[in-house]
Amino acid sequence: MKKVILSVAVIIAMGFTSCKNETKKETETNTTEVSKEMAMTDLSFGVRGNCGLCKSTIEKAANNVDGVASANWDKDKKKIDVSFDSSKTDEMAIHNAIAESGYDTEKVAGSEKAYESLPDCCKYDHDMEMNHSGDVKADDHSDHDY
Ligand SMILES: [Cu+2]
């Protein structure tokens, strides 16, 4: 009888141990994921441009900045959503990179030289309004169709 009780006790003890281990692992994984997300900064600002070709030029310029995780320019809103690692780069570096590719941002005027070599369809109007907000929001799903 003692033997039975002992082995039951051992089984219970083993069960507890493995449960504890699993719980601990899960917690550790979650913590890592959360801190990864926390390091990312989301930023959104106006950038002038005309078409799909502008979109790829602007996004390429932003993505080429070390630390930028994603960039998505909205042709209708004339604005870009950027996600970046703030320990590697900052807002102005992204503005400058886009301006260097020929495009005006809210804070930095686009390089004239780069603008001149843009295809004709991309020679946007420098007076164009940018960073439209609000009403076009319902179209947000179109951001993901690439
Ligand atoms: Cu264009």
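What covers the buried residues of α3? I looked this up in a predicted model, where local features need pLDDT of at least 70, side-chain atom pairs count only at pLDDT 80 or more, and totals for chains, interfaces and linings use all residues. Residues are numbered from 1 along each chain as its sequence is written.

Overall layout. I found four helices and three strands, in the order α-β-α-β-β-α-α from the N terminus. Helices (H or I, at least four residues) and strands (E, at least two) are DSSP runs, numbered from the N terminus. I took a residue as buried if 20 or more other C-beta atoms lie within 10 Å of its own, exposed at 12 or fewer, and partly exposed in between, with C-beta atoms placed from the backbone. On that count 22% of the 146 residues are buried.

Helix α3. I listed I94, H95, A97, I98 and A99 as the buried residues of this helix, which spans residues 91-100. The cover over them includes α2 (52-63), β2 (68-74) and β3 (79-85). After α3 comes G102, with a positive phi near 110 degrees.

Core. I defined a nonpolar core as a set of buried Ala, Val, Leu, Ile, Met, Phe, Trp, Tyr and Cys residues joined through C-beta atoms within 7 Å. The largest one has 17 residues, of which I58, A62, I80, V82, I94 and I98 touch the most other members. At least two residues of this core come from each of α2, β2, β3 and α3.

I80. I counted a contact when two C-beta atoms, placed from the backbone, lie within 7 Å. Leaving aside neighbours within four places in sequence, I80 is in contact with S44, F45, V47, I58, A62, A71, N72 and W73.
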